[in-house]
Amino acid sequence: MRMTLSSLLAAAAIAASAIIAPASAGHRGDCKAELSALNPDHDGTIDWHEARRAAVRLFHTLDPDHDGTLDAAELRGRVGILSIARFNPDRDRTLDKHEFLALVKHRFERANRDDDGTIDCRELNSLAGRRLLRVLM
Ligand SMILES: [Ca+2]
Ligand SMILES: [Ca+2]
Ligand SMILES: [Ca+2]
């Protein structure tokens with residue numbers, strides 16, 4: 001039995017797809033870009049007022065059909081289906097602005113380890129901080 005050209009090409013394609021690009025290293029230790037985008041008063045930390053404003057802006061960016069809700073497709077890569085279910089008390093499979101902000105607030109509080117009301121660079125670089133960032137920008 002001999003391999004056809006197409007089966008060789010298929011095998012090559014499978015081999016190529018197995019090579020996974022290295023995940024981006026992120027901005028470890030340096031959050032200048034995030035802080036300058038999210039922190040208009042330049043005090044080096046993000047307070048809830050600043051986070052909420054960024055979240056509202058993101059909500060409108062992610063909602064191109066302007067129906068006032070975000071579905072799983074619009075939230076892809078930012079909010080998983082389990083989180084959507086958890087912050088969706090009306091069970092309509094979408095998050096309206098009020099529900100979305102409740103989720104953002106929850107992530108903000110998780111990221112704010114020292115409970116001082118603001119997120120500093122170190123907190124932003126934590127796992128909880130990266131999760132917060134995904135719903136801010
Ligand atoms: Ca600030
Ligand atoms: Ca809902
Ligand atoms: Ca803090």
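What share of the contacts in the protein chain with a separation of 6 or more comes from residues 24 or more positions apart? Such residues account for 54% of those contacts, where two residues are in contact if their C-beta atoms, placed from the backbone, lie within 7 Å.

Before selecting anything, note that this is a predicted model, in which local features need pLDDT of at least 70 and side-chain atom pairs count only at pLDDT 80 or more, while totals for chains, interfaces and linings use all residues. Residues are numbered from 1 along each chain as its sequence is written, and chains are lettered from A and ligands numbered from 1 in the order in which they are written.

Begin with the whole chain in a cartoon view. The protein chain holds seven helices and four strands, these being DSSP runs numbered from the N terminus (H or I of at least four residues for helices, E of at least two for strands). Read from the N terminus, the order is α-α-β-α-β-α-β-α-β-α-α. Of the 137 residues, 20% are buried, meaning that 20 or more other C-beta atoms lie within 10 Å of the residue's own, whereas 12 or fewer makes a residue exposed and a count in between partly exposed.

Next, select Ala-51, Ala-55, Phe-100, Val-104, Leu-132, Val-135 and Leu-136, which have the most contacts inside the largest nonpolar core, a set of 22 residues; a core of this kind joins buried Ala, Val, Leu, Ile, Met, Phe, Trp, Tyr and Cys residues through C-beta atoms within 7 Å. The elements giving two or more residues to this core are α3 (48–62), α5 (97–111) and α7 (127–134), and α5 gives the most, with five. Centre on Val-104, which touches Ala-51, Ala-55 and Val-135 when residues up to four places away in sequence are not counted.

Now show α3 and α5 together. Their axes, lines fitted to C-alpha atoms over the stretch in contact, come within 10 Å and cross at roughly 140 degrees, on a scale from 0 to 180 degrees between N-to-C directions. This angle makes α3 oblique to α5, since under 35 degrees counts as roughly parallel, over 145 as roughly antiparallel, 65 to 115 as roughly perpendicular and the rest as oblique. To see the contact itself, select Trp-48, Ala-51, Arg-52, Ala-55 and Phe-59 in α3, which meet Lys-97, Phe-100, Leu-101, Val-104 and Phe-108 in α5.

Finally, pick Lys-105, also in helix α5. Lys-105 counts as partly exposed because it has 17 C-beta neighbours inside 10 Å.
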